[in-house]
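Thanks for asking me to look this over.

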Amino acid sequence: PSTVHVSRRHSGGSGIVWSADLVISASFHTPDRTQVGVGMDGDLDLRDAEVIGRDPGTDLALLRVASGGLTPATFRDLGELAVGNLALAIGRPGRTVRASLRAIGVLGPELRTHHHGKLDRYVESDRQIPRGFAGGPLVDGEGAVIGMNTRTLLRGTDLAVPTLTLRRVIAELEAHGGVRRG
């Protein structure tokens, strides 16, 4: 219930429920006014959402869902995660939730993106995320979100923006509608 569909004109992307009325998604794919599909078993409840901030440097958009009442995901920092651990990329590119099993291939250090963003660390899995999974969660073996999947931060590489970076950027987006950089 914490992985939602984010509507676009011709297709859909994924999002993660951050709080009862906030959803995070990949900013590259998210129009200013959109709909968020919430539900299970192919039955989507489409709700209006507004982008309240975006950061191309971390490919993050923060959406406020007008009616609220969403089920937030459980988030966890990378902690003891190691190369070779199994994880699931989860997405809702259409009416149903989908999952893709993967192994953690790289746990990288701090990274500057080509859009001037900063990832406190980054996670790269062993293969490309499926179409429509960008903005969806990468979850550990216990079902906690350890990052948001993205395809746009490094050419030819799919990464997960870790929870530590998500917390920092979301605080900036809520306060200022964008990330302030010197």
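Is Asp140 buried or exposed? Asp140 counts as buried, at 13% relative accessibility. Here buried means under 20% relative accessible area, exposed over 50%, and partly exposed in between, with a 1.4 Å probe and protein chains only.

1. Some ground rules. This is a predicted model, in which local features need pLDDT of at least 70 and side-chain atom pairs count only at pLDDT 80 or more, while totals for chains, interfaces and linings use all residues. Residues are numbered from 1 along each chain as its sequence is written, and side-chain values use heavy atoms, with hydrogens and water left out.

2. The partner of Asp140. Asp140 forms a salt bridge with Arg76, and their closest N and O atoms are 2.4 Å apart. Asp140 sits in the loop between β12 (137–139) and β13 (145–154) and Arg76 in the loop between β6 and β7, so the pair ties together parts that are 64 residues apart in sequence. Arg76 is partly exposed, with a relative accessible area of 31%. A salt bridge here is a side-chain nitrogen of Lys or Arg within 4 Å of a carboxyl oxygen of Asp or Glu; the count by this rule comes to 9. Helices (H or I, at least four residues) and strands (E, at least two) are DSSP runs, numbered from the N terminus.

3. Arg64 and Asp21. A salt bridge joins these two side chains (2.8 Å, N to O). The pair links distant parts of the chain, with Arg64 in strand β6 (residues 60–65) and Asp21 in the loop between β2 (12–19) and β3 (22–25), 43 residues apart. Arg64 is partly exposed at a relative accessible area of 35%, and Asp21 also counts as partly exposed, at 25%.

4. A network worth a look. Salt bridges link Glu110, Lys118, Asp120 and Arg168 in a network. Within this group, Arg168 forms a salt bridge with Asp120, the closest N and O atoms being 3.3 Å apart. Arg168 belongs to helix α1 (residues 163–176) and Asp120 to the loop between β10 (118–119) and β11 (122–125), a link between distant parts of the chain, 48 residues apart. Asp120 counts as buried at 18% relative accessibility, whereas Arg168 counts as partly exposed at 32%.

5. The largest pocket. Its volume is about 190 Å³, and 15 residues line it, of which Pro1, Ser2, Thr3, Ala73 and Gly143 lie nearest its centre. A pocket is an open set of points on a 1 Å grid over the protein atoms alone, where a 1.4 Å probe fits, with protein on both sides within 12 Å along at least five of seven lines; lining residues have an atom within 4 Å of a point. The volume is the space filled by probe spheres set on the points.

6. Two pairs of positions. Ser14, in strand β2, is buried with a relative accessible area of 0%. Its C-alpha lies 9.8 Å from that of Met148, although Ser14 and Met148 are 134 residues apart in sequence. Val83, in the loop between β6 and β7, is exposed, with a relative accessible area of 55%. The C-alpha atoms of Val83 and Glu124 are separated by 9.4 Å, and these residues are 41 apart along the chain.
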